[in-house]
Amino acid sequence: MLLSYSLISRLYYILLIIVAVFLPSFRLVTSYAIAGLIILWFIEADFRRKYLRILQSPERKYLILGAGFYILFLVGLIHTSNMDQGLENLQVKLPLLVFPLVLSTMDKDYLSKKRIHHILIAFSVSTILISLYSVLRSAFRYFEDGDASSFFYSEISYLNHTSYYSIFEVFSICVLLYFLVQDFEKMKLLAKSGMLFLIAFMMLFTVLLSSKAGIISLFGVFMIAAIWVLLEYKNWKASALLFFAPLISILFLLSVLDGAGNRFVAATNDLNRSEEIQPAEETRSTAARMLIWEDGIELFAESPVFGYGTGDAKDELLEQYIENNHKHLHEGQLNAHNTFLETSLAIGVLGLLMLILILMLPLFLAFRDHYFLMMAFIFILSLNFMVESMLKRQDGVVFFAFMMSLLVFGWKRLSLEKD
């Protein structure tokens, strides 16, 4: 080992903190931190011991399954004609290999429960600060032109796409709920009030982002939190409060904030008219997504086993739009807007099954262990995977690979060990 044990431990911790802090905002810094993790992993060496760590832990074996998912995309290059696009996809998806490999082979003492808490807190604080900045920025714009739309959808999401940022918001709420529930009896009134205020602020910001999947995720995580409190702490009153108070609050916000509520009304209308959508209409509508999914499923049915290759899936989908006379979708260069479908088109049914296994296996085990953070994380990811191609962008790939690996690494400490 070229570096001392304590120095390697500290460097891993610092690099993971950097990833957590800059994940919601500055991709370049995140990329440098990931590169640092790769370099440190090789400098640490001791590969035999790393291999033995994987064999000794069921959770670590599961992480290697996640790394195998990346290998399938690598194999998908074999029958790819658009090699430039294929290599670009592999570069974007590299965190799917890096985080599982690093964390599955890491000494368990490198990341104590306290350090894992620090990483989760760093991510949440970063998300909160960016949310606050975004609200202030929209307020200044509103005072300049008087346009209330400055507070809604893409206008308030300054550094990221609304769908991705709503995911960061909702998971950060989960982190705050985790600490609030676990330490409620020990917390002083001021700390409890501060936590509740932050949760309320982030709920409001999520509604202002107006991502339909994000708002549905918000409903879902509070329901999961209510179930967790009931199963783990047998507290009926707290469970009911966790379910009904947020439900009423979110419905109230949707009713008074037209910019957010109208998107749900439009989505409901779109569900009844997907076949009537005109080429000139908005390609972000729910109806447009339904046409994309129909074209994608039709395309997948023609090559279900191997798919179309890591670099050819989108090209084939664009051709399918033309063939089915959906020119507005082609002009918009729209991807599958569904991670499961996108994966199927690229690497076939085996990739689809592996992705489902990566999500469903920890969800089942998390329910068994009453592991709230994992249950909420998988729910948020699964829901958003259904409406966005999250593994086509660095934001989605890093969040998925980083948080999944961290939560699996800290499984026993975050779910079974009690303070």
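Start by selecting helix H5 (83–92), helix H14 (313–323) and helix H16 (339–369): each one supplies at least two residues of the lining of the largest cavity. Keep in mind that you're looking at a predicted model.

Now colour H16 on its own. With four residues, H16 gives the most to that lining.

Next, show side chains for Phe-73, Lys-93, Glu-342, Ala-346 and Lys-392. Out of the 16 residues that line the largest cavity, these lie nearest its centre. How much space lies in the largest cavity? About 130 Å³.

You'll get five nonpolar, seven polar and four charged residues around the largest cavity.

To find the second largest cavity, select helix H4 (58–75), helix H6 (95–104) and helix H18 (394–409), each of which supplies at least two residues of its lining.

- Tyr-62, Leu-63, Gly-66 and Phe-69 are among the lining residues.
- Leu-96 and Pro-100 also line this cavity.
- Ile-358 is another residue of the lining.
- Phe-400, Ala-401, Met-404 and Ser-405 line it too.

Colour by class again. How many charged residues does the lining of the second largest cavity have? It has no charged residues; instead you'll see nine nonpolar and two polar ones.

Terms used: Residues numbered from 1 in each chain as written. Predicted model: local features only at pLDDT ≥ 70, side-chain atom pairs only at ≥ 80, totals over all residues. Heavy atoms only, no water. 1 Å grid on protein atoms, 1.4 Å probe; cavity = no way out; pocket = protein on both sides within 12 Å on 5 of 7 lines; lining within 4 Å. Points joined across faces, edges and corners; volume = space filled by probe spheres on them. Nonpolar A, V, L, I, M, F, W, Y, C, P; charged D, E, K, R; others polar.
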